[in-house]
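Work through the exercises below with the sequence and the model open side by side. Each task is followed by a solution in steps.

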Amino acid sequence: MPTMIEFSNITKQFPGNKALDDVCFSVEKGEIHALLGENGAGKSTLLNIFHGIYPDYDGKILIDGKKVAFKNANDAIEFGISKVHQEVNLVTELTVGQNIALGYEPTRRGLVDYDAMYQKTDSILERLGCRFKSRDRVNALSTGEMQMILIAKALFHNAKIISFDEPTSALTDREVDRLLKMILELKAQGITILYITHRLDEVFAIADRASILRDGKFVGTLNIKETTKEELIRHMVGRDVSAYAVRNNPLCATDEVVLKVEDLCKNGVFEHISFELHRGEILSFAGLVGSKRTDVMRAVFGADPYTSGEIYIGGKKAEIKSPQDALKYSLGLIPENRKTQGFVKNFNNARNMALASLNRFSKRGFINDKKILENCMYYTREMNLHPADPEYLTESLSGGNAQKVIIAKWMTTDADIIIFDEPTKGIDVGAKAEIYRLMEELVAKGKSIIMVSSELPEVIGMSDRVVVMREGKMMGCLKREELNEEIIMKFAMGG
Amino acid sequence: MKGFVKRFSRELEVVAALAVIMIVFGLIQPIYFSPDNLLDILDQSVINGLLAIGMTLVIITGGIDLTVGSTLAIVIVSVGNFTVMGLRPVPAVLAGMVIGFVLGLVNGILVAKMKLQPFVATLGMMSVYRGVAYLITGGWPVLNIPQTFRNLMDGDVVGSLSSSMILFLVVTVIAYILLKHTKFGTYLYSIGSNEEATRLSGVNVDRNKIMAYAICGVTVALSAMVMLAKLGTGEPAAGASYETNAIAAAAIGGTSLAGGKGSIIGTFLGAILLQALKVGLVVCGVDTFWQYIATGLIIVFAVYVDVIQGKLSAMRLNKKAKA
């Protein structure tokens with residue numbers, strides 16, 4: 001079969017991070033080509049380059065043998081390359097037809113020719129076998145049906161290539177079946193499909209070939225008929241195991257249970273989450289993006305409500321309805337997103353470190369700036385913060401140093417249990433190593449840590465035990481001796 | 001010294017702008033520099049200044065209070081009635097402060113607990129409070145405010161300094177300390193700058209927000225009672241559109257409508273600057289219509305200076321990051 005898309009030496013550099021490194025592979029005309037890899041392997045970046053969302057990159061993309069360079073997503077759509085996102089993005093107040101034709105409505109004498117428009121969009125919906133019509137309102141449809149609209153939109157623009165980015169993550173089982181059938185239908189009509197997913201079952205159900213990325217590098221393309229799930233997973237894992245994500249000191253977990261979560265459920269988000277955290281332990285939560293680990297942690301911390309279940313701290317039932325309550329139980333949370341949840345933008349390091357402990361730094365409501373400054377100086381030295389200036393605005397620090405400020409904030413509260421949510425995301429290797437050392441110091445002092453991480457090397461290197469989650473459910477709990485990348489990925493992907 | 005300039009850079013800018021305005025007017029009309037005129041500027045800044053101080057607290061949390069004019073009207077007619085009915089001045093002032101506090105509390109609850117957008121919530125309450133003020137008097141003004149009350153709120157104290165000017169200065173100092181040196185003040189800044197991070201740090205965001213609106217209600221009540229003392233009558237129509245001048249004084253002083261940034265000294269100076277401009281234009285015999293234009297241009301210019309400074313500091317940061 002002739003080649004449809006050729007990725008040739010694609011490299012994409014983000015500040016402090018090479019997202020794609022010399023990626024080369026090709027996609028044949030009319031095939032369903034799966035793109036696989038762990039979180040952060042570069043799949044989405046590659047797709048964004050392909051669709052013109054990141055116009056700046058090195059290397060070239062050939063379509064039908066001709067070089068293309070899209071300046072934005074609309075360029076790509078007009079060329080016949082459409083994308084069906086994981087999050088459906090439609091104007092729910094408009095009709096189905098208006099959404100499909102949005103921005104490209106047929107006109108007559110300057111006015112929208114609705115009859116012509118609906119005729120055309122209806123014929124596309126018919127071709128797709130949809131049960132709804134162009135004049136229906138979008139807000140009455142289900143998520144799966146909304147995704148059909150995106151596919152119809154692609155066909156409206158005469159798409160030759162359609163890419164799907166995790167299209168099934170929000171669908172019911174029946175909707176998934178219907179979508180996969182439709183994708184096979186599109187293939188039969190000669191359309192080339194790029195398909196990103198974490199669900200290997202779907203890959204084996206529809207894909208012809210699969211290309212695998214790892215750490216931004218291309219690993220290989222496999223024929224689905226000639227491979228197995230195990231082989232695919234083996235190619236996806238095995239990233240550069242960081243020499244830093246190791247425990248330098250002996251494990252120090254005791255038998256004392258400091259936190260016990262029993263059958264925690266949140267309707268439609270996660271269910272039946274039960275685990276115990278021991279004093280001096282690092283308990284990790286592994287899983288793919290969308291496995292709802294962060295939601296569980298936010299519920300435990302009181303940041304979001306949950307439906308049912310119980311939380312015990314130090315053996316006693318704990319009522320945690322807000323982060324304020326969590327603080328009373330000596331919990332701390334280092335959130336996933338430093339900028340929007342972690343630190344206060346206009347505050348300097350001294351104030352950000354003191355924010356959760358102002359009661360301690362104040363008398364009758366008046367704050368003691370000297371104590372706040374001393375506290376900051378202490379942690380600046382301890383953590384090797386750079387620049388070592390308490391007046392420095394935290395937002396101006398590098399990611400690693402800003403993360404240290406947030407960790408210092410919880411060390412200042414003397415929290416017993418600290419939840420680290422993706423603690424090394426977007427941080428350079430040196431700072432990562434320092435954060436691992438801080439975690440080790442904390443458990444050595446008798447604190448306990450829960451770490452949510454999508455970085456397998458750090459999960460394996462740092463954890464006493466690992467809970468693996470998949471789509472809101474606990475898939476298993478692994479001991480340190482049992483840990484390896486294959487087994488974690490197997491649980492995480494439901495293989 | 002360098003630290004001082006850095007810390008009070010915005011305030012110093014307003015001082016410089018104020019100096020330029022005053023020198024220009026003084027050169028055109030030397031009488032502008034007479035002690036009487038300068039005191040007059042301070043005196044006439046009090047009503048807007050007190051409103052603006054409360055407004056600054058609310059804006060720092062990322063909110064806004066459009067009810068200040070209507071709250072002022074409720075306080076002016078109810079305290080007016082109390083005094084006419086024979087309530088002594090000090091209890092009357094305390095009663096006025098309580099009314100302001102409660103009205104502010106209601107705004108705060110709408111915003112913090114019911115999660116209404118501050119602009120819309122206080123826009124609605126602006127109309128409600130105005131209606132209440134009219135209902136209290138049946139639309140009539142309250143006349144013949146007793147001289148004892150007028151002396152307490154706006155009488156001469158030391159030389160030419162009136163009690164209202166001293167009140168303004170005292171409230172400014174208290175608000176400054178509240179913002180700079182208390183837990184509450186620190187929380188207001190952090191809520192306005194990043195509410196989610198503040199909440200996740202275990203801070204009771206709702207309670208602190210509500211308190212900001214309630215304290216704003218108290219400064220508005222003080223402003224209302226100064227006005228009542230100055231005029232000797234309490235009109236239910238008083239204070240209409242005063243919220244704009246209060247917001248203007250805060251904005252000129254460097255308070256960001258996006259929240260998280262602002263200074264009481266800046267607001268104090270902003271209120272003085274607005275009045276200095278107004279008085280100057282009157283002294284120089286400029287048509288009143290031009291006053292509106294001049295005031296508007298000053299506000300736009302002040303905010304633009306903020307924008308430019310933001311860009312400059314971002315550029316400096318970028319350079320530093322690259323180096």
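**Exercise 1.** Is Glu256(A) buried, partly exposed or exposed?

*Solution.* The model is predicted, so local features need pLDDT of at least 70 and side-chain atom pairs count only at pLDDT 80 or more, while totals for chains, interfaces and linings use all residues. Residues are numbered from 1 along each chain as its sequence is written, chains are lettered from A and ligands numbered from 1 in the order in which they are written, and side-chain values use heavy atoms, with hydrogens and water left out.

Step 1: take the cut-offs: buried is under 20% relative accessible area, exposed over 50%, and partly exposed in between (1.4 Å probe, protein chains only).
Step 2: Glu256(A) has a relative accessible area of 40%, so Glu256(A) is partly exposed.

**Exercise 2.** Describe the salt bridge of Arg351(A) and the accessibility of its two residues.

*Solution.* Step 1: Arg351(A) pairs with Asp369(A) at 3.4 Å between the closest N and O atoms.
Step 1: Arg351(A) belongs to helix H12 (residues 349-354) and Asp369(A) to helix H13 (residues 369-383), 18 residues apart.
Step 2: Arg351(A) is buried because its relative accessibility is 18%, whereas Asp369(A), at 31%, is partly exposed.

**Exercise 3.** Which side chain makes a polar contact with that of Glu31(A)?

*Solution.* Step 1: Glu31(A) lies in the loop between strand S2 (17-28) and strand S3 (32-36) of chain A.
Step 1: its relative accessibility is 2%, so Glu31(A) counts as buried.
Step 2: the side chain of Arg209(A) makes the polar contact, at 3.1 Å. Such a contact is a pair of N or O atoms within 3.5 Å; within protein, one must be able to donate a hydrogen and the other to accept it, and residues adjacent in sequence count only if both atoms are side-chain atoms.

Technical notes:
Helix = DSSP H or I, 4+ residues; strand = E, 2+ residues; numbered from the N terminus. Salt bridge = Lys/Arg side-chain N within 4 Å of Asp/Glu carboxyl O.
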